[in-house]
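Trainee: Hi! I'm new to this one and would like to go through it with you. Could you bring it up on the screen?

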Amino acid sequence: MATRRWRPAVPVSVSLLLGQLQRGAGDPTQRRDGAGGLWRTSLTPDGPASLRLTVDGAEVAAAAWGPGARWLLDQAPRLLGGDDDPTGFVPQHDAIERSARSAP
């Protein structure tokens with residue numbers, strides 16, 4: 001197992017960001033656990049791996065297993081929007097504008 005902690009520039013909701021990628025309750029590649037963690041499996045350039053993400057205060061805690069564990073941990077901030085640049089983003093719909101204000 002390998003671990004990483006990351007402090008995003010803005011608060012992050014792992015469920016809000018990644019929940020939409022889950023393809024139903026039976027999706028074998030993404031699950032939530034009873035302790036608030038979100039588990040994902042991925043094929044990485046280094047091989048398969050599993051990733052568990054949780055929010056711990058202002059930080060995101062990540063743990064990964066498998067040959068691609070280090071790659072997944074290196075990519076975790078990017079997966080959660082760490083490289084996003086909202087400069088120039090202008091919502092074109094009221095619902096999007098409300099959403100952008102409430103969860104930047």
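**Salt bridges and the sheet**

Trainee: How many salt bridges does the count come to?
Mentor: The count comes to five salt bridges. The rule asks for a side-chain nitrogen of Lys or Arg within 4 Å of a carboxyl oxygen of Asp or Glu. Keep in mind that this is a predicted model: local features need pLDDT of at least 70, side-chain atom pairs count only at pLDDT 80 or more, and totals for chains, interfaces and linings use all residues. Residues are numbered from 1 along each chain as its sequence is written, and side-chain values use heavy atoms, with hydrogens and water left out.

Trainee: Okay, and what does Asp 56 form a salt bridge with?
Mentor: Its partner is Arg 5, and the closest N and O atoms are 2.6 Å apart. Asp 56 lies in strand β4 (residues 47-56) and Arg 5 in strand β1 (residues 2-6), so the pair ties together parts that are 51 residues apart in sequence. Strands here are DSSP runs of E with at least two residues, helices are runs of H or I with at least four, and both are numbered from the N terminus.

Trainee: Why can two side chains pair like that?
Mentor: As a general point, side chains of opposite charge can pair when their charged atoms come close.

Trainee: Is Arg 7 buried or exposed?
Mentor: Arg 7 is exposed, with a relative accessible area of 55%. Arg 5 is partly exposed at 45%, and Asp 56 is partly exposed at 42%. The cut-offs are under 20% for buried and over 50% for exposed, with partly exposed in between (1.4 Å probe, protein chains only).

Trainee: Switching topic: what order do the strands of the sheet have?
Mentor: The order is β1-β5-β4-β3-β2, in an open sheet of five strands with antiparallel pairing. Two strands count as paired if DSSP finds at least two bridges between them. The edge strands are β1 and β2 (30-32), each pairing on one side only.

Trainee: How many bridges join β3 to β4?
Mentor: Seven, and the two strands run antiparallel. They form a hairpin with two residues between them. You can find Ser 42 opposite Ala 49, and Thr 44 has Gly 47 as its bridge partner.

Trainee: And how many join β4 to β5?
Mentor: Seven bridges again, also antiparallel. Thr 54 is partnered by Ala 61 in β5. This hairpin has two residues between the strands, and Gly 57 takes a positive phi near 65 degrees in it.

Trainee: Let's look inside β3. Is Leu 38 buried or exposed?
Mentor: Leu 38 is buried, with a relative accessible area of 2%. Residues it touches (heavy atoms within 4.5 Å) include Val 14, Leu 18, Leu 51 and Leu 53, not counting residues up to four places away in sequence. From Arg 5, Leu 38 is 33 residues away in sequence and 15 Å away in space, C-alpha to C-alpha.

Trainee: What about Trp 39, where is that found?
Mentor: Trp 39 is found in strand β3 (residues 38-44). Trp 39 is partly exposed, with a relative accessible area of 30%.
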